[in-house]
Amino acid sequence: MPPYDTAGREPVVVGVDSGGSGVRFAVAGGPYREPRVLVSRVPVRTGPEGISAAHLLEQLLPAVRGALPEGVRPAALVVGAAGMATLGSDLRAVLPGALADALGLPVLGLASDAATAYAGALGQRAGAVVAAGTGMIALGTDLRAWHRADGWGHLLGDAGSGAWIGRAGLDAALRALDGRPGGSAALRRRAEAEFGALPGLPALLYPRTDRAAVLASFAPQVAAAAGEDGDALAAGLLRDAAGHIAASAAAVCPPDGVVALTGGLFRMGAPLLGPLGTELARVLPDATRVAAAGDPLDGAVLLARALATDGLRLPADEAHLTVHRVTV
């Protein structure tokens, strides 16, 4: 089967974005003017060997086979996965051979979700991307190597993330409950409306395996307290978050690079974006701020197209972007 149709169109490629809420697949090129996107709401399981290659293949192969044009095999496929750097050993061991056998795939890219977020936001130019939601990571490159800052999880880092903001807001609410300095009556009211009586919060939070997501769910309330309530303490927390985010961006951005922000955290709007713009201008005065062009699935497709045409400019390494070519 050819990797492109006889009309000489773009090679058919596949992008995969695997995260905590499910998996998205995109088939692009060939007869498709726009990528054909399919969505699974079932997250790929993680076990003793890390992210399960078998479970990903159970979802990937039927979706891709159903979307491929008849008689066409993909010229390249890129999987972007949350946790690839630390939990991707099973994917690296299994996927190259399995996809070569099942789809006749000649080249496979295995990428961290930060790398696909970067490619989706900035394409293949030098710069830095901050990806922030529940967690926060900054990734930059001078096109020779990747540079990472934070992304260490809510217990060890992710400073400025949704979980960080939510935890700081709940700390201020509990201080108000106790009568300690640093409390916020506005955040106490919002926390009680969100979670009920605050003395029950530890029992609600500590046993859960999704603690980071629960903490992050309160971040929009911190933004609302800063904006709608005019709460000075909440506004200060968002300025602190902006400082942490900007510091991570500055740690990875090459000189005179471009900087983009991507992820759900930045939908909080002006209460965060205002101070963040100020901080970025202070710590990266020579960088150019640009809007993110696309999301991690767009980035996976862009990387697959680059691999299919030998046009990859972003650096390949073991942590963020590994390329596997099938030799015949």
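Let me start with Thr141, which is buried, with a relative accessible area of 0%. Keep in mind that this is a predicted model. Thr141 sits in strand β9, residues 136–141. What does the side chain of Thr141 have beside it? A polar atom of that side chain lies 2.9 Å from the backbone nitrogen of Leu143. On the oxygen side, the backbone oxygen of Ala145 is 2.8 Å from a polar atom of the Thr141 side chain. Leaving aside residues up to four places away in sequence, Thr141 also touches several others, including Tyr118, Arg125, Trp146, His147 and Pro254.

Now to the surface. Leu155 is exposed, at 68% relative accessible area, and belongs to the loop between β10 and α5. Together with Trp152 and Leu156, Leu155 forms a nonpolar patch with about 440 Å² of accessible area.

Next, charges. Side chains of opposite charge can pair when their charged atoms come close. How many salt bridges are there? The count comes to 12. One of them joins Arg305 and Glu10, with the closest N and O atoms 3.5 Å apart. Arg305 is in helix α12 and Glu10 in the segment before β1, so this pair ties together parts that are 295 residues apart in sequence. Arg305 is partly exposed, at 33%, and Glu10 is partly exposed too, at 47%.

Another salt bridge links Asp142 and Arg144, at 3.2 Å from N to O. Asp142 is partly exposed, at 23%, whereas Arg144 is exposed, at 68%. Arg208 and Asp210 meet in a salt bridge at 2.9 Å. Finally, salt bridges with shared partners join Asp17, Arg24 and Asp295 into one network.

Technical notes: Residues numbered from 1 in each chain as written. Predicted model: local features only at pLDDT ≥ 70, side-chain atom pairs only at ≥ 80, totals over all residues. Heavy atoms only, no water. Helix = DSSP H or I, 4+ residues; strand = E, 2+ residues; numbered from the N terminus. Buried < 20%, exposed > 50% of the residue type's maximum accessible area, 1.4 Å probe, protein only. Polar contact = N/O pair within 3.5 Å; in protein donor to acceptor, adjacent residues only side chain to side chain. Contact = heavy atoms within 4.5 Å. Patch = residues over 30% accessible without salt bridge, like charges linked within 9 Å, V, L, I, M, F, W, Y side chains within 5 Å. Areas by Shrake-Rupley, 256 points an atom, 1.4 Å probe, with all protein chains shown as cover. Salt bridge = Lys/Arg side-chain N within 4 Å of Asp/Glu carboxyl O.
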